[in-house]
Amino acid sequence: MQCVKVLGGVLGAAALLGLGIILGHFAIPKGTDLPAPSASASQDLDLEILEAVMGQLDANRIRENLRELSKEPHLATSPRDEALVQLLLRRWQDPESGLDSAGTSEYEVLLSFPSQEQPNRVDVVGPAGDILFSSQRSEENLTGEQGDPNVVPPYAAYAPPGTPQGLLVYANRGSEEDFMELYHQGIKLQDSIVLTRYGGVGRRAKAVNAAKYGVAGVLVYTDPADINDGKSLPNETFPHSWGLPPSGVERGSYFEYFGDPLTPYLPANPSSFRLDSDNASGFPPIPTQPIGFKDAEVLLCNLQGTSAPAAWQGALGCDYKLGPGFRSDGIFPAGSQVNVSVYNRLELRNSSNVLGIIRGAVEPDRYVLYGNHRDSWVHGAVDPSSGTAVLLELSRVLGTLLKKGTWRPRRSIVFASWGAEEFGLIGSTEFTEELFSKLQERAVAYINVDISVFANATLRAQGTPPVQSVIFSATKQIPAPGPSSLSIYDNWIRYSNRSSPVYGLVPSLGTLGAGSDYAPFIHFLGISSMDIAYTYDRSKTSARIYPTYHTAFDTFDYVDKFVDPGFSSHQAVAQTAGSVLLRLSDSLFLPLNVSDYSETLRSFLQAAQQDLGGLLEQHNISLGPLVTAVEKFEEAATVLGQHISALQKGTPDPLQVRMLNDQLMLLERAFLNSRAFPEERYYSHVLWAPRTGSAATFPGLSNACSKAMNTGPGSAAWAEVKRQLSILVVALEGAAATLRPVADL
């Protein structure tokens with residue numbers, strides 16, 4: 001275990017203990033003065049403190065935080081990234097607004113970088129071998145920031161080196177269906193170079209799908225139809241609007257999994273076993289390079305062949321052809337090929353997490369975690385510094401109350417700044433691997449605020465069902481930014497809503513995939529998790545994400561002028577996340593409504609019955625045990641809810657409170673089965689694993705049925721369907737048992 005440098009001033013004898021000891025021994029040192037109410041086992045959420053925190057979260061301070069955080073590129077493990085580590089430590093050690101302790105933990109992890117000596121390049125090579133066209137190796141210096149010498153050139157992290165050359169083919173978004181369409185049209189893919197658009201499938205999947213058809217190399221670009229609502233001219237895009245400029249290139253990790261590639265399931269410490277990088281899995285199989293749509297236009301608009309399907313057409317101002325090769329009446333002579341030269345290299349680097357801790361007064365061994373990653377591809381004003389700016393302001397306000405002695409939470413709060421997230425959620429994953437048992441036993445919930453503001457229209461929240469109620473409670477009490485008198489909740493429901501059989505019309509709470517640092521907490525550890533942000537009006541744009549995502553144009557001025565002028569949406573996110581954090585850390589009874597899982601389970605069950613029931617009956621597989629298991633869960637959740645209501649009306653014994661809160665906290669763990677998805681690294685939550693089957697139901701069952709559909713009775717595929725059904729039944733029965741009275745085994 002890596003040692004953690006504990007630098008807080010109030011810990012006394014606790015200084016210099018390791019991270020595991022910090023998290024394991026939260027007992028308040030003798031002599032530490034605490035306000036009298038905090039020492040009481042009946043401590044509950046103090047609404048005056050909550051109101052004070054909401055009022056002290058300052059938009060101008062968040063703005064200045066963002067200016068400082070994003071003034072230089074801070075790629076993971078770069079000097080500026082390490083400087084931000086020190087900035088966080090200084091803030092969390094401040095004598096007037098700091099926390100109880102702050103420390104770092106380092107992991108030695110495998111990262112991927114482009115070569116400085118041999119820049120990656122994309123060339124059109126004529127029949128005689130002469131270079132006719134070269135893509136831009138850097139983005140245009142439109143505002144000065146793009147010319148910073150520390151701006152990393154566009155590249156596909158973890159893509160292997162190589163210099164393939166071949167005829168160009170357009171492959172839309174690079175999905176399996178897209179390549180199947182090309183195959184059926186008789187397009188020769190062997191030894192070709194394919195041009196694909198971002199979106200549709202993950203980055204690495206484009207290369208994997210291409211390699212199956214013998215493709216030699218992959219290019220990826222962002223089509224203005226997918227990000228700019230079709231706008232592509234320089235005077236229509238940044239710095240004149242928030243649109244992506246023609247030279248903008250989305251960087252990103254093309255690694256399939258999360259965590260350090262060489263130490264799966266082990267923390268990347270010096271003593272841990274490491275795979276040889278040649279044997280590590282999850283990297284793209286063929287050289288891959290991203291380019292801007294200005295360069296993509298030159299390539300795509302000169303292709304020959306049949307027109308691409310209507311759904312494949314974009315906004316580059318020409319008819320998209322499939323290829324292979326360039327047309328004879330274009331700017332390139334017949335027979336010209338595309339050469340993709342990739343010189344990426346793998347390097348072991350030390351990456352730091354920073355943790356700041358406020359110890360709880362009553363339940364110091366119960367942790368509410370709040371995290372955001374620190375590293376960015378370039379300046380990263382939106383991703384992730386908008387989240388870090390909020391993190392610093394929230395910790396400042398709470399730290400000030402702490403230092404004044406007017407507040408200490410019931411449960412411990414752990415603030416985290418994760419390292420190397422952009423390469424594959426590395427910092428958070430290594431943390432969960434190192435402290436797996438302790439976190440599973442003691443973590444109440446994880447709050448993630450990565451990009452805090454995509455745009456300034458409405459809240460967007462994702463999470464597991466039990467966190468829905470606490471997010472709703474928080475947002476009903478906070479005014480929405482803008483001239484309306486609506487709450488964040490009422491504004492949210494205008495933009496994104498659903499009809500609940502229990503509550504009626506409510507805002508839509510999204511589900512958690514693997515897009516940010518919540519992934520290891522929910523999928524690997526089974527900790528109730530959420531992700532909170534402000535976002536745009538989906539009815540006014542088709543952009544799949546904010547336009548300058550992962551480019552050199554994601555700067556402070558971009559946020560200040562176009563994303564959130566006035567920073568009122570940043571403030572709204574700080575207030576929302578802060579309210580949720582206080583409710584989870586200070587409420588006597590954890591505000592996790594496990595009954596809300598009943599609605600999810602019932603909808604999954606109905607989808608299974610409707611979409612898979614007939615197929616399963618043909619193979620003598622009954623959903624009866626699953627129906628019974630769902631009913632058992634619903635009954636147990638209802639009874640537990642009634643028990644909580646009864647206890648809230650009286651003066652509960654502290655042990656009763658503790659036992660009940662443990663039931664609420666541990667429910668999510670009951671849905672874990674480490675053997676459910678052996679082909680999916682880290683995914684063990686049977687309700688939220690990746691779903692590849694078409695039926696919108698339990699992922700393991702949906703996936704297994706999809707694979708078994710065209711196989712005969714008694715096949716291994718149908719045996720897997722039965723196994724997945726059994727896994728589900730056992731998990732649901734175990735969840736119901738977790739909710740029943742603890743004395744009832």
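Which residues does UniProt assign to the feature "domain: PA"? The UniProt record, an unreviewed entry, places this feature at residues 167–252. The structure described here is a predicted model.

## The annotated span

In the model, the span of residues 167–252 is 26% helix and 16% strand.

## The nonpolar core

The largest nonpolar core contains 231 residues. Within this core, F415 and F423 are the residues with the most contacts. In soluble globular proteins, nonpolar side chains tend to be buried together.

The surroundings of F423 can be listed in detail. Leaving aside residues up to four places away in sequence, F423 touches L75, A76, L111, S112, F113, Y155, A157, Y158, S253, F255 and W377.

## Cis peptide bonds

Two peptide links to proline deserve attention. A cis peptide bond joins F238 and P239, with an omega of about 15 degrees. P239 is located in the loop that runs between α7 (224–227) and β9 (252–253).

The bond from D383 to P384 is also cis, and its omega is near 5 degrees. P384 belongs to helix α9, which comprises residues 381–404.

## Positive phi angles

T77 is not a glycine, yet its phi is positive, at about 70 degrees. This residue is found in the loop between α3 (59–69) and α4 (79–93). Is T77 buried or exposed? T77 has a relative accessible area of 13%, and because buried means under 20%, T77 counts as buried.

Y682 likewise is not a glycine and has a positive phi, of about 75 degrees. Y682 is situated in the loop between α19 (654–666) and α20 (699–708). With a relative accessible area of 2%, Y682 is buried.

## A nonpolar patch on the surface

Nonpolar residues also occur on the surface of the model, where L655, M659 and V742 form a patch. Together, these three residues have about 270 Å² of accessible area.

One of them, L655, lies in helix α19. The relative accessible area of L655 is 53%, and because exposed means over 50%, L655 is classed as exposed.

## Summary

The predicted model has a largest nonpolar core of 231 residues and a nonpolar surface patch that includes L655.

Methods
Residues are numbered from 1 along each chain as its sequence is written. This is a predicted model: local features need pLDDT of at least 70, side-chain atom pairs count only at pLDDT 80 or more; totals for chains, interfaces and linings use all residues. Side-chain values use heavy atoms; hydrogens and water are left out. Helices (H or I, at least four residues) and strands (E, at least two) are DSSP runs, numbered from the N terminus. Buried means under 20% relative accessible area, exposed over 50%, partly exposed in between (1.4 Å probe, protein chains only). Patches are made of residues with over 30% relative accessible area and no salt bridge: like charges are joined within 9 Å, nonpolar side chains (Val, Leu, Ile, Met, Phe, Trp, Tyr) within 5 Å. Accessible areas come from the Shrake-Rupley method with a 1.4 Å probe; for residues, only the protein chains shown count as cover. A salt bridge is a side-chain nitrogen of Lys or Arg within 4 Å of a carboxyl oxygen of Asp or Glu. UniProt positions are given in the numbering used here, feature names are shortened, and annotations may be inferred rather than shown by experiment. A nonpolar core is a set of buried Ala, Val, Leu, Ile, Met, Phe, Trp, Tyr and Cys residues joined through side-chain atoms within 4.5 Å. Contact means heavy atoms within 4.5 Å.
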